[in-house]
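Please open the model in your viewer and keep the selection tool at hand.

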Number of protein chains: 2
Amino acid sequence: MNGPYRVIPGGVTAAKGFLASAVNAGIKRLKKPDVSLVASEGPATAAGVFTTNQVKAPPILISEARLRGGAAQAILLNSGCANCMTGDAGMRDAVRLGHAVAGLLRLPDDRVLMASTGLIGSRLPMRKMLRKMPELVASLRPEHHTAAALGILTTDLRPKEFAMERVIAGRTIRVGGMAKGAGMIAPSMATMLAVVTTDARVAAPVLRRLLREITENTFNRMTVDGDMSTNDCVLLLANGRSGVSAHPGSRALRELRGMLHQALEHLAIEIVRDGEGSTRLMHVEVIGARTDQEAQACARHVACSSLVKTMLAGGDPNVGRIAAAAGASAARFDPRRLDVFIEGHRLVSGGVVGRDALAAREWLRRPEVRVRIELHAGHGTGWMRTCDLTEEYVRINAHYAT
Amino acid sequence: MNGPYRVIPGGVTAAKGFLASAVNAGIKRLKKPDVSLVASEGPATAAGVFTTNQVKAPPILISEARLRGGAAQAILLNSGCANCMTGDAGMRDAVRLGHAVAGLLRLPDDRVLMASTGLIGSRLPMRKMLRKMPELVASLRPEHHTAAALGILTTDLRPKEFAMERVIAGRTIRVGGMAKGAGMIAPSMATMLAVVTTDARVAAPVLRRLLREITENTFNRMTVDGDMSTNDCVLLLANGRSGVSAHPGSRALRELRGMLHQALEHLAIEIVRDGEGSTRLMHVEVIGARTDQEAQACARHVACSSLVKTMLAGGDPNVGRIAAAAGASAARFDPRRLDVFIEGHRLVSGGVVGRDALAAREWLRRPEVRVRIELHAGHGTGWMRTCDLTEEYVRINAHYAT
C-alpha cells in the first residue's frame, strides 16, 4: 500500500480544480472561521460514509440522501453547532443554507453536501450565516485550504491537512484532505468530519466501495473516548481533472487506493494525536486470535479501556490492565498462553507478568507507544490507535456546554 | 422486595455464628490491615459469582472450584496484591496460604474460599503472610467486622458494610455483608469483592440461584469505569444458625430474597458512590425499549459514556450527549420520539433538545442525579448506576503501579 508518492502542500485543494474558503459567521463567539466551503470547479463523483448512530443530525441526513445520486460539487461545513436534535426546524435551516450556497454557485441544491460539528441541541444562527454566504462563495480559492481546515475545528488544537501526488504513465494524480476530530471520537463507524478530494476520474460506485473499505481500516480503527458522534462523516469528491481514469482493474485505481489509504491514515493518526487532552499515541496490535474479527474486538477493548488509557497518561507500567482488558473482550484465548509486548519488549509471557515490567516506564513515556498482544489461538490480526486519558480530557469535557 | 426489615450494625458478622478478623501482613507499605478473614462457627452452604474475564486470578479459580461442592466455612481475603498473572507459582502461593488457614481452623482445605484484590502481576509476600496467619485466626471475633471491611480496601475511601434483620414467625433472620470497589468496576459480571453472610438455612443449589439472580440486578448494573477486573467475586455463606429454613416456596425464602436484594443493592450503591474520584451518583433508567435486553444495553451505554460521565462531573447540562450515547447503543428506536428527563424534567422531547436544557445545571449538581430515557419503541425496561468521571479518577489511575 505504501507506494512512492510525494507529499505536497495544498491540503483539500491540492488536487486540480478544487477551491476552498472559510468565514466567521458568528456561530462561535471568538473571531475564528466557523463556516468552510470546499468546491470543485467542475462536476465530480462523490461518496460518503456516515455515523451509524441512530440519532443523526439533519446535515448528515441531507448529505446521505444527496449522495445516492453519486454526484456532488460542493461541501458546506460548520463548527460550533452540530444542528442535531433540533427537529424539523433544524432540518429546514440546513436545507435553506444549502439552497443559498447552491444558488450562489449556480448549482442544483442536491450537488451541495453538508456537515456540522459542535454542540448538540442548539440551532444554527441562520440570519448571521445567510448574510455571510456571498462572502464565503466569493472567496473560494485554492490557497484557502488551511482557512477551510481551521473553520471546521472545535476543541482541536491544530488543523489537520494532508496531500500527496503521484505520476502514473506520465500524468499526475493528486489526493488531498482535511479533518477535524478531538472528542466524541469512537470506533466502528465513520468518525468525525473529513473531506477528501482527488482529481482522478472514478465512477461513483467504485468511489463508494473504495471509501468504505479504506475508512474501515483507518478512521474506524481509532478511538479517543469511545463516544460515537451524531454528526460524523467522511466525504470524498473526485473531479477527474487529472485526466487519469481509475477504472476497476486499472493500475491507476490500485495506486489511487494506496494514496487514499495513506491520506486517511495520516488524518486518522493526526486526529488521535490531537485528541482532547491527548499527550501520547498508542498503537494496539493483536495477533494470533481465532479470527480477524476477534482480534479487532480485542484491540478495540484494550484501546477503549479507561485503565489502559490512564496508565498511558501516567507512563505507569501496569501491564496487567492490558491483559485484563484483553480478557474481558470477545476474543477467546487461553490466558496461560498470553504474551504482551510494549515497544518490542515482552512484559507478559505465557500469562505471567515478568519482573522487568517496571522497566516499561521508559517505553511507556515515548510520544508513540506500540503494544502487541499475542493470543496464540489462531491467525487473526487486528489493530487500533488510541490516545491517553488525561485530566485535561476531563477538564475539557466537564465544561463544554457552558 | 422492600419488606419492613430493620437495619442493624454488625456488617459481615451481624448474622449469628459469624466471626471476622484482619491483620496487617505487610502487603501494603502502610500499617493498614491488608488481610481479612470471615468464618462461620459451624458448617455453612455457600455460593459465589465470579468475574467472566478470561484472565482469572488463582484465588478466583480456587474458590470457583471449591464452591462446586456448595459448602464453605471461611473466606480469606487480601488487598494490595491481586495475585493474578503470576502463573503456577501464584497458584501454589494461594493453595499454600489457604492450607495454612484451614489447618489453624481445623477445616479441610476445600472449606476455605479465597479472594484477592490489588495490583495485577505481583506475587504475594508469602513469608510475611504465613507468619501472620495464627494471629489472624486467633483474633476472629464478631466485633471485628469493620476491621475485616477495612482489610479489603484498595483505593476505596470508606469501608462498605451493611446488615439487617427481620422476624419471621417469631424467629429472627439476619443478612450482613461487606464489599470493596473503587476502580476496575464494570458491568456485566460479578463485580468487585463482596462477602455476604446469613444465618438462614438454605440448600446450596437454592443459594446459588438466589445469588446469581440478585447479583444480576444489583452489582451487575453498576459501573465506575467500564473496566472488568480479573479478581471480581461475590461470596455468600448461609450457616442456618437462626433456625429458620428458607426452602423453595417458603415465605422465609421470599423474605430472604428481599433482604439479600437490599443488602447487595446497598453495597452496590456504596461502591458507585465511592468509585475512584467519584463526586456524584447517576441513576440511568431506560423505558419503552423493544425488549428488556435492549433497554439494559441502552442504559449501560449511557452509563459507560465518558462524555456523559464528564458532563456529570462538571454539572454541565449537555443532554445531547445522553441522546448520542443512547443512539449508539444496541437499542433500536425512532430518534424523533426520544424523550430524556433529568430529575423528572423533560429536557429532550420528541428528539428535540428543549430551550430550558441549561436549567438542568441545578439538577445535575445534586449528589444523586436521576436520568430517564423513554424510547417509545416497546415495553422493555432497564437501569444502571454510575458515577462521574473526574480529574481525580485520572490522577489515581495514572499512577497506580508506582
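The tour below begins with confidence, moves on to the symmetry, and ends at the contact between the chains.

Before selecting anything, bear in mind that this is a predicted model, and that the predictor gives the complex an ipTM of 0.76 together with a pTM of 0.81.

Select chain A and colour it by pLDDT: the mean is 89, and 95% of the residues of chain A reach 70 or more.

Now show both chains together and ask how chain B can be superposed on chain A. A rotation of 180° with 0.0 Å of shift along its axis does this, giving an RMSD of 0.0 Å, and that is the relation of a two-fold axis.

To find the rotation axis, select Glu391(B), which of the residues of chain B comes closest to the axis, with its C-alpha at 2.3 Å.

Finally, select the contact itself, which takes 51 residues from chain B and 53 residues from chain A. On the side of chain B that touches chain A, the elements giving two or more residues are helix 8 (306-314), helix 9 (320-328), strand 14 (352-353) and helix 11 (391-398) of chain B. If you colour that side of chain B by class, you will find 26 nonpolar, 20 polar and 5 charged residues.

Notes:
Residues numbered from 1 in each chain as written. Chains lettered and ligands numbered in written order. Predicted model: local features only at pLDDT ≥ 70, side-chain atom pairs only at ≥ 80, totals over all residues. Contact = placed C-beta atoms within 7 Å. Helix = DSSP H or I, 4+ residues; strand = E, 2+ residues; numbered from the N terminus. Nonpolar A, V, L, I, M, F, W, Y, C, P; charged D, E, K, R; others polar. pLDDT = per-residue confidence, 0-100. Least-squares fit on C-alpha atoms with pLDDT ≥ 70 in both.
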